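Thanks for coming, everyone. Let's walk through one structure together, a piece at a time.

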Amino acid sequence: MSEPLAAVGTWRPVMEAAGHRCQCSGQCGNEHAKTDGRCPREHDGYTSKHGHRVRLMAAPADPLTPPVKAVTLPPEELRAWCPDCHTAATRRARTTGSVDDAPGLFDL
């Protein structure tokens, strides 16, 4: 099984807790209905569409967590994400964010 070149001490516990499977449960917008509500992608597995290898990453459960804060989080606050689910979840969270959280015109 392949592992990242850096941060293995963080990545490995996250993957072991996730069973080396993406932990997205619909945050990406896909209900993952065929796999009991959880993304079926596994680390080092192949995608069915294009035959690419899946490389899971350890990232915050909240995809909007800024990178500066994300690198300080312990493994317990991270989850295993496949790149497709993480990208879609981040995009979806940005577009469905609360209007109350948006800065005002004159807020600097």
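**A loop residue and its distant partners**

Let's start with L64. Leave out its neighbours within four places in sequence, and L64 is in contact with T90, A93 and R94. One thing to keep in mind throughout: this is a predicted model. So where does L64 sit? It lies in the loop between β1 and α2, and α2 covers residues 67–70. Now take one of those partners, T90. L64 and T90 are 26 residues apart along the chain. Yet their C-alpha atoms are separated by 6.2 Å. Is L64 buried, exposed or partly exposed? Its relative accessibility is 39%, so L64 counts as partly exposed.

**The whole chain**

Now step back. The chain has three helices and two strands. Read from the N terminus, the order is α-β-α-β-α. There are 108 residues, and 29% of them count as buried. The chain exposes about 7500 Å². Carbon and sulfur atoms supply 54% of that area.

What about contacts across the sequence? Take the contacts between residues at least 6 apart in sequence. Of these, 49% join residues at least 24 apart.

**Helix α1 and its two sides**

On to α1, which spans residues 8–18. Which of its residues are buried? They are W11, V14, M15 and A18. Look down the helix axis, and these buried residues fall within an arc of 95°, so they line one face of α1. What covers them? The cover includes β1 and β2. Now turn to the face pointing away from the buried side. That face carries the exposed residues G9, E16 and A17. After α1 comes G19, with a positive phi near 70°.

**The core**

Next, the inside. In soluble globular proteins, nonpolar side chains tend to be buried together. Here, the largest nonpolar core has 18 residues. Which of them touch the most other members? Those are C22, C24, L56, C82 and C85. The largest share comes from α1, with four residues.

Let's pick out C82. Set aside residues up to four places away in sequence. Then C82 touches C22, C39, R41, V54, L56 and M57.

**Cysteines without disulfides**

A disulfide is a covalent bond between the sulfur atoms of two cysteines. How many disulfides are there in this structure? A search of the whole structure finds zero.

Take C28. Its closest cysteine sulfur is in C24, at 3.6 Å, and that is too far for a bond. The cut-off is 2.5 Å between the two sulfur atoms. C28 is buried, with a relative accessible area of 14%.

Now C85. This residue is in no disulfide either. The nearest cysteine sulfur belongs to C82, and it is 3.5 Å away. C85 is buried too, at 4% relative accessible area.

What lies by its side chain? A polar atom of the H43 side chain is 3.0 Å from the backbone nitrogen of L56.

The other two are about backbone angles. Most residues other than glycine have a negative phi. H32 is not a glycine, and its phi is positive, near 50°. H32 lies in this loop. H32 is buried, with a relative accessible area of 7%.

D36 also has a positive phi, about 55°, although it is not a glycine. D36 is found in the loop between α1 and β1. Is D36 buried or exposed? D36 is exposed, with a relative accessible area of 80%.

**To wrap up**

The chain runs α-β-α-β-α. The buried residues of α1 line one face of the helix. And the search for disulfides finds zero.

Notes: Residues are numbered from 1 along each chain as its sequence is written. Side-chain values use heavy atoms; hydrogens and water are left out. Buried means under 20% relative accessible area, exposed over 50%, partly exposed in between (1.4 Å probe, protein chains only). Contact means heavy atoms within 4.5 Å. Accessible areas come from the Shrake-Rupley method with a 1.4 Å probe; for residues, only the protein chains shown count as cover. A polar contact is a pair of N or O atoms within 3.5 Å; within protein, one must be able to donate a hydrogen and the other to accept it, and residues adjacent in sequence count only if both atoms are side-chain atoms. A nonpolar core is a set of buried Ala, Val, Leu, Ile, Met, Phe, Trp, Tyr and Cys residues joined through side-chain atoms within 4.5 Å. The arc is that of the directions from the helix axis to the C-beta atoms.
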